[in-house]
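Please work through the following exercises with the structure in view. Each task is followed by a solution in steps.

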Amino acid sequence: MYFCSKKRLEDKIKTFSTFGATQNGGITRYSLSKEAHQARDEFKRRMEKIGAQVYTDDLANMYAILKGDGTKKEKIVMASHLDSVKNGGNYDGVLGVLSAMEVLETIHDQNIPHHHDLVAMVWTNEEGSLYPPAMMCSAILSYEDLPSSFKDCFVEETLLNSRSVLNPNETFKDALEASPYKGDKKNRLNKKDYLAMFELHIEQGPILTNNHNDIGVVTCVLGMCNYRIKIYGESDHAGTTPMKYRKDALYAASKVLLYLHEQLDKLPKDLVYTTGEIICQPNVHTVIPSYVEFSLDARHENPDVIKEVVKIIHSLPNEVEKCRVKPVLAWERDTVYFNKTLVDYVLKASEALGYTHQYINSGAGHDAQMISYVLPTTMIFVPSKDGHSHCEIEHTPLENCEKGVNILLNAVLTCDKNFEK
Ligand SMILES: [Zn+2]
């Protein structure tokens with residue numbers, strides 16, 4: 001078994017936490033921002049120091065390539081992201097990139113022989129915090145192989161024109177053009193030149209911590225459906241319209257939401273569902289709401305459970321409190337299973353290193369989920385302290401980060417030796 005340098009890893013975690021540091025110990029590092037470019041500069045500097053060649057593609061995805069012994073043509077890539085949400089933490093995404101770097105540094109330092117070119121990669125705009133949606137660039141690269149049910153969400157031209165949530169006059173394309181890291185389309189990760197992808201990530205939930213396990217052997221990313229529930233009422237004056245004459249879309253929406261919760265709670269306990277967004281029109285305190293739309297996101301591994309969710313949504317009456325109710329499917333996709341052989345390499349490495357581990361699924365989306373439609377792919381999870389993520393207190397103890405990197409290192413080297421597509 002091979003082991004990384006805990007000290008070097010710690011130094012990277014500390015250094016990268018300064019790029020976009022917030023007052024409370026987190027980071028705000030929007031993709032292609034000044035802070036993100038500082039992090040990219042540091043990635044490039046450290047990778048070139050060990051003799052890796054650094055390329056970028058036309059979406060500014062970065063690739064640091066450590067050459068193999070020349071006997072194998074396809075590359076093995078370890079990838080994650082350096083961008084964050086607003087007031088995010090120092091581990092989501094960035095730990096995956098730092099781990100990939102640490103693997104290459106270890107292999108270089110210890111002169112570990114390998115056949116394939118090994119690549120540490122940075123995805124552009126994973127979070128989609130400034131330019132929605134999330135996983136934008138991995139989706140563009142996977143477009144041809146995406147299931148038809150959600151392909152429409154990721155048309156390249158539409159995504160390039162995504163507007164900044166802070167400045168609607170600026171598009172993602174503008175930010176790309178202004179970036180020194182916009183490179184050549186021919187450098188894009190692709191089926192022909194790449195053998196497999198690994199992504200180490202923090203769990204972003206409480207399961208590993210609560211079970212006192214070091215490593216999550218990730219088997220899949222949960223299937224999901226995403227609905228917009230639309231309620232049509234009628235605007236009238238808040239002071240002059242007696243209650244019995246009203247068609248209040250917000251009042252109706254609250255009843256619909258309660259009904260959905262009551263029904264969905266009858267399904268298996270590990271179903272997760274969320275209403276995180278609501279639109280209310282005209283959203284004026286003296287006017288009865290004429291229109292309300294809210295999101296409903298539901299996730300479960302078993303497609304039959306998702307089918308039950310859909311059934312419940314479509315069991316909604318057409319009319320509630322005199323308002324018309326119309327659920328509209330935004331998109332859905334089935335559970336994405338990772339490559340069994342690669343999952344097994346992660347399991348075997350955990351056993352050989354004697355780290356406590358368990359199988360786990362991912363409720364969150366990751367770039368690896370998109371790439372799994374293109375290449376054999378898998379993920380490794382490390383614990384998130386108290387399950388916190390996408391916040392400044394997000395934390396993974398150094399010992400857990402180190403163990404994660406050791407798993408990545410050994411799994412990638414097994415893949416280098418044994419894996420055939
Ligand atoms: Zn992430």
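The model is predicted: local features need pLDDT of at least 70, side-chain atom pairs count only at pLDDT 80 or more, and totals for chains, interfaces and linings use all residues. Residues are numbered from 1 along each chain as its sequence is written.

**Exercise 1.** Determine how strand β3 is covered and which strands pair with β3.

Solution. 
1. Helices (H or I, at least four residues) and strands (E, at least two) are DSSP runs, numbered from the N terminus. A residue is buried if 20 or more other C-beta atoms lie within 10 Å of its own, exposed if 12 or fewer, and partly exposed in between, with C-beta atoms placed from the backbone.
2. In β3 (residues 75–81), seven of seven residues are buried. Lys75, Val77, Ala79 and His81 point one way, while Ile76, Met78 and Ser80 point the other way.
3. Two strands pair if DSSP finds at least two bridges between them. β3 pairs in the parallel sense with β5 (residues 194–202) over four bridges, and methionine 78 stands opposite phenylalanine 198.
4. β3 also pairs in the parallel sense with β4 (residues 118–123), over six bridges.
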